[in-house]
Structures are given as structure tokens and as C-alpha cells.
Amino acid sequence: MDKESSVSLSYFDFEADWMRLTYYVNRLQSLRPDRSSGRAKPHKVCMMFAVMELIEQGHIQDNKIYYDDALKKRFSWHFMRLKQSNDTDSPFLPFYHLKSSGLWHLKVSKQNTAAFDSMRSATDTKILSLVDYAYLDEQLFVYLKSPSTAPILRNALTANLDTLEDQYCRWAKSIGKSEKTIKNYVGALKYSIPNWLNDAGVSKQSLLSISSYYEYETIVNKTFELREFVAKDKQGKGMYSSAINSYRAFLSDITQVSAKQDIDNIILDSSISETQKAVMVNTRIGQGRFRDDLISHWKGCAVTKYQNYSFLIASHIKPWSKSENDERLDPFNGLLLLANIDKAFDLELSALMKMARF
């Protein structure tokens, strides 16, 4: 196989893998939690959180999820954080009902099949006596074992508990936006801009309902062409543009689109060897030698010393987009940070770099 064919194959392998990951992100975002009380109950999400933690900690090493004390304790820990009003700590319910997701499967022995099939409701005793273990789609299990993809899937779960608007507001607050600014942005994205788009016959949906980065970009490009938008944005001193850019940054964060674009560029760069590409791709998605070196050096978050590595990001001091290839792999150009600190660091660094240009 020649070099060009090898690059092409690597590119399409990456595209296929990204599509599979996106499939599981979408599935985990729509677990269909119980909403009989008028809101989403957290049981299914808490069970998945518990499984993810036990995989990360090495308690679950094979694709077999036993209904044991370790699982129930981790479920209860998450449940106590997310429960509301009269929610009950019942881990047997999601252990059973997650099978409706199509991602979660129950292994039942032949002698228990008839009794299991006749179940009308789950109980702790029935799960213990009739179910051998649960297991996930094999590819999903592989993704949950990877430190680069597990955080993406963990983030996807939160979509079951609140709307994109809720998530965006929480994200904006976490990066330092004031309540007043967030309120103005929400009004622009939910009402003002969609009304102008509707009047122009483009779209009438709230921009805060869009979860696809590329769908958002398509609509936003049309927005900037609207005469009314241009006039109102000028009158509002750029507030509407700022709102659009803010939600774009939010979508980029939750879909990891900027990382994908960087990886595409690496794979298609003929000046980089295949070995170097593999190292750089691993570095960009937060695993590989660069991340390992930062973990070895910092032993936890460089600021807080927090040591659950699945929540920590291998962050570049000199931004990836501004770095040379050797700087991108240099551990002395890196910090291990919690996600919110990493975001604050990026924003502050960007502001300083802009000031330096003047």
C-alpha cells in the first residue's frame, strides 16, 4: 500500500469511528427517562454514571455488569445528588428498564427465561434471582473504557435530565458569564433571531433547540445575511453576534467538533509521518503519551490536585492551533486541568493574546 492510500484509509477509518461514536452519543442523549411525574427521573442516568465510574476504576473489566453492592452503592451516590421530591433509591428499576434503550442487555439463563419473561415489574429480589448480569453493546463498552471517549459519552447523559437551554445556561455560567448576559443571550437565541429568520422564510425554531454544530452553522450563515439582523446587531452593539458566537462555542464544546477538525488536518497532512500522526491524533483527543506525561508530572489537576483522571483534560499552554508539531507533544507545554478550569484558562489566554496584538 502506498503512502497516499495509507493516509486515505486512516482518514476513512477515523470518519467511520467518529460516526459510531456520534451514534452512541445520540443514543445516550435519548434514554427516555420516566417522565410520569412531569419531569425526568434520574434513575437511568444514575445507573449509567455508576457503570461508567466502575469501568474507569477497574471494578468492571469485562463487559459484564453484575447487580452487586459496588454497583448499588455507586448508583445511590449519584442518585442522592440528582433526586428530587419523592424519588426513591431503587437501582433495580433502571437495571431492568435500561433494556428498552437497545444499548443495555440482560443475560438470563435458560431455566430463568420463563419467569423473567412473565415479570410485570422489577424488584431487587427478582433481579438478583433471575438475571445473571447486564452487558452493553460491545463497541459502547470499548468507548467507555477509553479515557478519550468516556467523558464525551458521560456528558451526553446529562441531556436526559434537562434541555439544551438549561445545559447552555449552566455552561455559560461556568465560564464566567453574568446572569444578565446569559438572560440577554437566551432571549436573542430563543426569540429575537428565530423571529427574524421566520419572517425571512428560513427557519422558525429556537436556536437553543439545535444540538448539531453543522446544522447550527448552516442556519447562522443565513442569519448573518439578514438585513434586519445586521441592523439590530449594530443597534445592540454586537450583542446578537455575541450570543450566536457563545452558543457556537457551547456546541463546539459538547460535540468536540474543533478537535475533529484538527484531527482531520493532521490525517491529511502529507508532511507528517504515519507514526507521528498517530501520536498527534492521540494527543489531540486527550490520550497517548502527552496525557500520560502530564498525569505522571502533575499527579492530578494542576490547580486543585483532584485525581479522578476521567474528569481531567490534557491542556496545552500554548494553544494547539498556534503550536508547532513538537510543541504539541511537549509535556512542558501542558497542564492537567478540570474541565471548567481548562475553559477559564483558554478564555483568559485568548484575551491576553488579543491584547498582545495591539
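1. Let's start with the nonpolar cores of this predicted model. The largest one has 45 residues, and the residues with the most contacts inside it are Leu 28, Ile 65, Leu 71, Phe 95, Trp 104, Leu 136 and Leu 153. Helix α2 (residues 43-56) gives this core its largest share, 10 residues.

2. Pick Leu 136 and look around it. Leaving out residues up to four places away in sequence, Leu 136 touches Met 48, Val 51, Asn 63, Ile 65, Leu 103, Trp 104, His 105, Phe 141 and Leu 144.

3. There is also a second, separate core, with 28 residues. Among them are Ala 188, Phe 229, Tyr 240 and Ala 243.

4. Now for the rings: the structure holds 15 aromatic pairs. One of them joins Tyr 24 and Tyr 143, with centres 6.1 Å apart and planes at 65°. An angle over 60 degrees counts as edge-to-face, so that is what we call this pair. Tyr 24 sits in helix α1 (residues 3-28) and Tyr 143 in helix α7 (residues 138-145), so the pair links parts of the chain 119 residues apart. Both tyrosines are buried.

5. Compare that with Tyr 247 and Phe 250, a tilted pair with 5.3 Å from centre to centre and 40° between the planes. These two are separated by about one helical turn, because they are three residues apart in helix α13 (residues 239-255).

6. One last thing to find on screen: Lys 99 lies over the face of Tyr 96, at 4.6 Å from the ring centre.

How values were computed
Residues numbered from 1 in each chain as written. Predicted model: local features only at pLDDT ≥ 70, side-chain atom pairs only at ≥ 80, totals over all residues. Heavy atoms only, no water. Core = buried A, V, L, I, M, F, W, Y, C linked by side-chain atoms within 4.5 Å. Buried < 20%, exposed > 50% of the residue type's maximum accessible area, 1.4 Å probe, protein only. Helix = DSSP H or I, 4+ residues; strand = E, 2+ residues; numbered from the N terminus. Contact = heavy atoms within 4.5 Å. Phe/Tyr/Trp six-rings, centres within 6.5 Å; stacked < 30°, edge-to-face > 60°. Lys NZ or Arg CZ within 6 Å of the ring centre and 35° of its normal.
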